[in-house]
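Biologist: I am new to this structure and would like to go through it with you. Could you bring it up, please?
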Amino acid sequence: AFIPDEERIITIEDSAELQLIQDHLIRLETRPANIEGKGRVDQRELVKNSLRMRPDRIILGEIRGGEAVDMLTAMNTGCKGSLATVHANNPDDALSRFQTMVSIGMPNMSDKVIRETIARALDVIVQQARLVDGSRRLMSVTEILGMDGPFILTQDIFKFERQTLDEHGNVKGRYHATGNKPRFLSRLATYGIHLAPEIFDWEMAV
């Protein structure tokens, strides 16, 4: 909902499920092969073709393979507001899995170059998890800082800490800021988004 109406958005999914309200929206869907084994259209092909449609943002339902390479290319060549989903247990696992998928798409690229490309392209990892009570919670907001030697450096901005279960079996815990201020605050300010300093000392029990 925060994406401006004037931006051109392209969504790529196996089936169109995202509910977006913007006017400049193009929906692309993958297609399985027919009984003769022909006509298949995969995500990587759609990502490549979407780059010819002059998108401001590409939203990819789930990265599962070589399309990770094309998403990195898009993010490093003007589509900085792009979004994608990766299934992983935590932000570090997400980066590791993303690196693995890029290496599948570009087997001749070294691990160090892959990590550098990922660090340049990604800004934030937002982790969501399904808890034991069946609820889905936002677990962490993690910033990508860049490279520290051969490794990608990250810092948590917000986290959810699970503490106990109530009498109904619902997870109780608290959301809190870690005290780390994201380095992209100045970039946000250039877009007219100004965050109050006290938000990074915030805490709420749920």
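Biologist: By class, what does the lining of the second largest pocket have?
Modeller: This is a predicted model, in which local features need pLDDT of at least 70 and side-chain atom pairs count only at pLDDT 80 or more, while totals for chains, interfaces and linings use all residues. Residues are numbered from 1 along each chain as its sequence is written, and side-chain values use heavy atoms, with hydrogens and water left out. The lining has five nonpolar, five polar and six charged residues. Here Ala, Val, Leu, Ile, Met, Phe, Trp, Tyr, Cys and Pro count as nonpolar, Asp, Glu, Lys and Arg as charged, and the others, Gly among them, as polar.

Biologist: How much space lies in that second largest pocket?
Modeller: About 240 Å³. N90, Q127, M139, S140 and K159 are the closest to its centre among the 16 lining residues. On a 1 Å grid over the protein atoms alone, a pocket is an open set of points where a 1.4 Å probe fits, with protein on both sides within 12 Å along at least five of seven lines, and lining residues have an atom within 4 Å of a point. Grid points are joined across faces, edges and corners, and the volume is the space filled by probe spheres set on the points.

Biologist: Which element gives the largest share of that lining?
Modeller: β7, with six residues. At least two residues each come from α3 (91-105), β5 (124-130), β6 (136-148) and β7 (151-165). Helices (H or I, at least four residues) and strands (E, at least two) are DSSP runs, numbered from the N terminus.

Biologist: Turning to the open sheet, in what order do its four strands come?
Modeller: The order is β2-β1-β3-β4, with parallel pairing; two strands pair if DSSP finds at least two bridges between them. At the edges are β2 (25-29) and β4 (83-84), each pairing on one side only.

Biologist: Over how many bridges do β1 and β3 pair?
Modeller: Four, between residues 9-13 of β1 and 57-60 of β3. I10 has I58 as its bridge partner, and I12 has L60.

Biologist: Are the β3 residues R57, I58, I59 and L60 buried or exposed?
Modeller: All are buried, with R57 and I59 pointing one way and I58 and L60 the other. Buried means under 20% relative accessible area, exposed over 50%, and partly exposed in between (1.4 Å probe, protein chains only).

Biologist: And how many residues of α2 are buried?
Modeller: Eight of its nine, including E67, D70 and L72. What covers them includes α1, β3, β4, α3 and α4 (111-121).

Note on methods
Contact means heavy atoms within 4.5 Å.
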